Protein chains: 2
Amino acid sequence: MSDDLFHSLDDTIHAKARLAIMSILLLDGAATFGRLKEVLQLTDGNLGAHVRALEEAGYIEVKKDFWERRPRTTCLVTSAGRQAFGRYMETLQRLFEATRRGDPPDQA
Amino acid sequence: MSDDLFHSLDDTIHAKARLAIMSILLLDGAATFGRLKEVLQLTDGNLGAHVRALEEAGYIEVKKDFWERRPRTTCLVTSAGRQAFGRYMETLQRLFEATRRGDPPDQA
């Protein structure tokens, strides 16, 4: 049973930095690149790569505008991203429930 | 709030392969190297590296014996491993609960 759960865990979301980005976007609705950088303590290049991976998967949208005459990059979660995060959470929840139940030992 | 949750997520457990190993050991009590390899579809070298990382963290114990005249390597979860997995689950649960509550949008 647990075998399928692991293989179906969404790698795009599971990477710690991307799990953090998705959670922040779901919590706050949206976040600027600057805020994500501050929270995650990542370099521009590293954060940029994670943001691109989520954007390419269709899980977030990236918008650029100006705020107080400075360029601003804002990330927003998409409906596909919400769904993917829901599935990811559900998979982990099922895994946790299974480990809590604790099947009898089996030394194959 | 969520900031602390991410930083406290146990990296030793979070890596997908190691999360899988820990869950299998918690589900089944113990597992042979062969069974882990089959479930996770990893090479000997790759699985060996993950097993060593968990062993070095004190989360699992590795025992070697013979079974049907062949060498057998068995992994068992330790009490420290159980505790670490419990903390990891708790951290993720809190994260999930926070994202479910959905705080009001805040475009900082």
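This is a predicted model: local features need pLDDT of at least 70, side-chain atom pairs count only at pLDDT 80 or more; totals for chains, interfaces and linings use all residues.
In chain B, strand β1(B) is joined by three bridges to strand β3, residues 70-77, and the two run antiparallel. At one point along the pair, Ala31(B) stands opposite Cys75(B) of β3(B).

Now widen the view to the whole sheet of chain B. Three strands form an open sheet in the order β1-β3-β2, with antiparallel pairing. Its edges are β1 (30-32) and β2 (60-67) of chain B, each of which pairs on one side only. Neighbouring strands in this sheet are turned by 25° against each other on average, ignoring direction. Strands of a sheet pair through backbone hydrogen bonds, in either a parallel or an antiparallel way.

Turn next to chain A. Six helices and three strands make up its secondary structure. Read from the N terminus, its elements follow the pattern α-α-α-β-α-α-β-β-α. The strands of chain A form an open sheet of three, ordered β1-β3-β2 and paired antiparallel. Why is one side of β1 (30-32) and of β2 (60-67) of chain A left without a neighbour in the sheet? Each stands at an edge and has a single partner strand, so one side stays without a neighbour. On average, neighbouring strands here are turned by 25° against each other, direction ignored.

Follow β2(A) to its partner. It pairs with strand β3 (residues 70-77) of chain A over eight bridges, in the antiparallel sense. Within this pair, Trp67(A) stands opposite Arg70(A) of β3(A). A helix also meets the sheet. Helix α4 (residues 33-40) of chain A packs on it and touches β1 and β3 of chain A. The direction of α4 makes about 85° with that of β1(A).

As for burial, chain A has 108 residues, and 28% of them are buried.

The largest nonpolar core has 48 residues. Which residues have the most contacts inside it? From chain A they are Ile21(A), Met22(A) and Leu25(A); from chain B they are Ile21(B), Met22(B) and Leu25(B). Setting aside neighbours within four places in sequence, Ile21(B) is in contact with Leu36(B), His50(B), Val51(B) and Leu54(B).

Notes:
Residues are numbered from 1 along each chain as its sequence is written. Chains are lettered from A and ligands numbered from 1 in the order in which they are written. Helices (H or I, at least four residues) and strands (E, at least two) are DSSP runs, numbered from the N terminus. A residue is buried if 20 or more other C-beta atoms lie within 10 Å of its own, exposed if 12 or fewer, and partly exposed in between; C-beta atoms are placed from the backbone. A nonpolar core is a set of buried Ala, Val, Leu, Ile, Met, Phe, Trp, Tyr and Cys residues joined through C-beta atoms within 7 Å. Two residues are in contact if their C-beta atoms, placed from the backbone, lie within 7 Å. Two strands pair if DSSP finds at least two bridges between them. Axes are lines fitted to C-alpha atoms, for helices over the stretch in contact, and angles run from 0 to 180 degrees between N-to-C directions.
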